[in-house]
Amino acid sequence: MTPYTLINIDDVEDSATQFGLSPSLEARFARRALGSSNLGVSRETLAPGFRVPFGHTHREQEEVYVVLRGSGRIKIDDEIVELREGDLVRVAPGAWRCAEAGADGMQLLAVGAPIPEGDDSELEQGWWADQPSP
């Protein structure tokens with residue numbers, strides 16, 4: 001067996017289309033395509049001013065978000081953090097999070113580990129609905 005896997009993230013299915021969030025959101029989750037059992041990697045591209053319509057949390061998984069392009073904000077539990085290109089933000093297991101793009105949009109790379117058995121995530125629609133976008 002080859003000791004590596006090479007894919008192009010653009011060849012991974014855009015999951016946002018399944019939920020009617022395209023073209024405001026593109027979400028490509030590459031863990032399965034990479035054959036990874038210990039690490040998840042995804043790329044999310046948010047249109048200008050778009051806020052993901054749900055928050056999510058992971059019981060066990062820690063995530064790091066890297067701002068590849070643009071700027072925006074991320075709400076983590078009760079705190080709103082401003083993000084700009086090149087920023088990295090680590091989110092601990094159990095913390096709720098939701099991202100929102102700034103005026104130029106935002107592209108994030110999310111990396112998470114460890115990957116527990118089954119689904120350790122929880123979603124809540126409208127989790128960040130209590131505050132308007134800037």
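Okay, some ground rules. Because the model is predicted, local features need pLDDT of at least 70 and side-chain atom pairs count only at pLDDT 80 or more, while totals for chains, interfaces and linings use all residues. Residues are numbered from 1 along each chain as its sequence is written, and side-chain values use heavy atoms, with hydrogens and water left out.

Let's start with empty space. Rolling a probe the size of a water molecule over the atoms shows where such space is left.

Elements giving two or more residues to the lining include α1 (31-34), β3 (54-58) and β7 (97-113). Those labels are DSSP runs, numbered from the N terminus: helices are H or I with at least four residues, strands are E with at least two. Strand β7 gives the largest share of the lining, seven residues. By class, you get 22 nonpolar, 12 polar and nine charged residues. Here Asp, Glu, Lys and Arg are charged, Ala, Val, Leu, Ile, Met, Phe, Trp, Tyr, Cys and Pro are nonpolar, and the others, Gly among them, are polar.

Next up, salt bridges: a side-chain nitrogen of Lys or Arg within 4 Å of a carboxyl oxygen of Asp or Glu. The count comes to seven. Keep an eye on glutamate 100, which meets arginine 51 at 2.8 Å, N to O. Glutamate 100 is in strand β7 and arginine 51 is in the loop between β2 and β3, 49 residues apart. Both are buried, meaning under 20% relative accessible area, with over 50% called exposed and anything in between partly exposed (1.4 Å probe, protein chains only).

Glutamate 100 also has a salt bridge with arginine 73, again 2.8 Å from N to O. Arginine 73 lies in strand β4, so this pair ties together parts 27 residues apart in sequence. Arginine 73 is buried too, at 13%, and glutamate 100 comes in at 1%.

Another pair is glutamate 63 with arginine 97, at 2.3 Å, N to O. They sit in β4 and β7, so they tie together parts 34 residues apart. There's also a network of salt bridges linking Asp10, Glu26, Arg28 and Arg43.

Last topic: rings. Rings of Phe, Tyr and Trp (its six-membered ring) pair if their centres lie within 6.5 Å; planes under 30 degrees apart are stacked, over 60 edge-to-face, and the rest tilted. How many aromatic pairs does the whole structure have? One. Tryptophan 96 and tryptophan 127 have ring centres 6.0 Å apart and planes at 25 degrees, so they count as stacked.

A charge can also sit over a ring, if NZ of Lys or CZ of Arg is within 6 Å of the ring centre and within 35 degrees of the ring normal. Lysine 75 lies over the face of tryptophan 127, 4.9 Å from the ring centre. And arginine 51 is back: its charged end sits over the ring of tryptophan 128, 4.1 Å from the centre.
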